[in-house]
Amino acid sequence: MAQTAAGTGTGTGRRVSEARERLLKTAGQLFYSEGIHTVGVDRLVAESKVTNATFYRHFRSKEDLAVAYIAGVDQAIHTQIDSLTASDLPPDGILRGIGTSLVEQIRSPGYRGCAFLNAAAEFPDPGHPVHRAVVQHREWFLQTITALFAEIEIAQAEHAGRHFVMLRDGAMSAGYLGDPVLAGETLVRGIDGLLRIHSTRGLDENASTAPSRADSPATTVSDIACSPPGA
């Protein structure tokens with residue numbers, strides 16, 4: 001993702017770098033738990049233990065910081081999924097692992113839904129930098145999921161990818177607004193069913209007796225989260 005914060009390449013040493021990290025960490029916790037619009041610059045400065053001058057040295061505005069917050073969550077997920085796709089797990093194992101980790105997040109203390117969906121709701125203008133950052137993440141996530149389904153079976157992989165993302169979105173919202181246990185169970189069942197259906201696509205109708213692909217066991221993938229670390 002492109003650089004989102006003004007002045008981030010002009011730090012004046014370790015102290016400034018640490019101050020920026022404190023700002024990002026504080027913003028991640030407060031923006032996720034309370035909402036971006038609710039939290040003001042004065043509070044961010046006070047809780048990060050920095051000065052107003054330090055804040056504006058790194059970020060032109062609170063919205064600039066919000067974009068950096070979204071970019072940080074996005075980058076963490078990039079890194080985690082990239083490490084999975086580079087592992088020996090088969091594509092269905094990666095998809096099940098992502099689902100299992102989402103379930104763990106939904107059931108975790110302090111869970112408040114998806115940081116990306118929450119931010120998009122606060123910034124509905126498609127042209128706003130925060131909204132664009134959310135859309136960019138979701139486009140990448142959909143492409144990544146679709147590519148995994150295509151490795152299993154190319155036929156209708158795009159459909160399966162969209163279905164997976166919608167299952168994920170629904171579970172993330174239902175887990176916050178309703179029963180997180182039921183939301184997680186429904187997500188796992190939905191992914192299982194989607195993988196069973198998708199793995200049979202493209203097979204010749206006359207080959208109905210051919211052995212089906214064996215399901216890979218679900219693998220827990222740590223920290224595949226749509227919330228900031230430590231929130």
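Biologist: How many helices and how many strands does the protein chain have?

Modeller: In this predicted model, the protein chain has nine helices and zero strands. Read along the sequence, the pattern is α-α-α-α-α-α-α-α-α.

Biologist: What share of the protein chain's residues count as buried?

Modeller: Of 231 residues, 46% count as buried. The cut-off for that word is a relative accessible area under 20%.

Biologist: What share of the contacts join residues at least 24 apart?

Modeller: Take contacts between residues at least 6 apart in sequence. Of these, 75% join residues at least 24 apart.

Biologist: Where is Thr26, and which residues is it in contact with beyond its neighbours in sequence?

Modeller: Thr26 sits in helix 1. Setting aside neighbours within four places in sequence, Thr26 is in contact with Leu44, Glu47 and Ser48.

Biologist: Now the opposite word. Why is Lys49 called exposed?

Modeller: The relative accessible area of Lys49 is 68%. Lys49 is in the loop between helix 2 and helix 3 (52–58).

Biologist: What is the phi of Lys49?

Modeller: Phi of Lys49 is near 60 degrees. That is a positive value in a residue other than glycine. Gln156 also has a positive phi, near 55 degrees. Gln156 is in the loop between helix 7 and helix 8.

Biologist: What makes helix 7 oblique to helix 8?

Modeller: The two pack at an angle of about 125 degrees, with axes 8 Å apart. That angle makes helix 7 oblique to helix 8. Roughly perpendicular runs from 65 to 115 degrees, and roughly antiparallel starts over 145. The value falls between those ranges, so the word is oblique.

Biologist: Which hand does the crossing of helix 7 and helix 8 have, and which residues meet there?

Modeller: Helix 7 passes helix 8 in a right-handed crossing. From helix 7 the residues include Phe141, Ile145 and Phe149. From helix 8 they include Ala160, Phe164 and Arg168.

Biologist: How do helix 5 and helix 7 pack?

Modeller: Their angle is about 145 degrees, and their axes are 8 Å apart. Helix 5 passes helix 7 in a left-handed crossing. Helix 5 brings Pro91, Asp92, Ile94, Leu95 and Ile98 to the contact. Helix 7 brings Ile145, Leu148, Phe149, Glu151 and Ile152.

Biologist: How many residues does helix 5 have, and how far does it reach?

Modeller: Helix 5 (residues 91–106) has 16 residues and reaches 23 Å from its first C-alpha to its last. The expected value is 22 Å, at 1.5 Å a residue.

Biologist: What makes helix 5 "mostly covered"?

Modeller: Of its 16 residues, 15 are buried. Pro91 lies in helix 5.

Biologist: How do you know that Pro91 is buried?

Modeller: Its relative accessible area is 15%. Buried means under 20%, so Pro91 passes. Leaving aside neighbours within four places in sequence, Pro91 is in contact with Leu148, Glu151 and Ile152. The C-alpha atoms of Pro91 and Ile145 are 9.3 Å apart, although 54 residues separate them along the chain.

Biologist: Why is Leu195 called buried?

Modeller: Leu195 has a relative accessible area of 4%. The cut-off is under 20%. Therefore Leu195 is buried. Leu195 is in helix 9.

Biologist: Which residues is Leu195 in contact with, beyond its neighbours in sequence?

Modeller: Beyond four places in sequence, they are Asp92, Leu95, Arg96, Phe149 and Ile152. Leu195 and Asp92 are 103 residues apart in sequence. Their C-alpha atoms are 7.2 Å apart.

Biologist: Which residues touch the most other members of the largest nonpolar core?

Modeller: Phe31, Phe149 and Phe164 do, in a core of 57 residues. Elements giving two or more residues include helix 1 (14–34), helix 5 and helix 9 (180–199). The largest share, 10 residues, comes from helix 4.

Biologist: And which residues is Phe164 in contact with, beyond four places in sequence?

Modeller: Leu95, Ile98, Phe141, Ile145, Phe149, Ile191 and Leu194.

Conventions: Residues numbered from 1 in each chain as written. Predicted model: local features only at pLDDT ≥ 70, side-chain atom pairs only at ≥ 80, totals over all residues. Heavy atoms only, no water. Helix = DSSP H or I, 4+ residues; strand = E, 2+ residues; numbered from the N terminus. Expected span 1.5 Å × (residues − 1). Buried < 20%, exposed > 50% of the residue type's maximum accessible area, 1.4 Å probe, protein only. Core = buried A, V, L, I, M, F, W, Y, C linked by side-chain atoms within 4.5 Å. Contact = heavy atoms within 4.5 Å. Axes fitted to C-alpha atoms, helices over the stretch in contact; angles between N-to-C directions. Parallel < 35°, antiparallel > 145°, perpendicular 65-115°, else oblique. Left-handed = near helix turned anticlockwise from the far one by under 90°.
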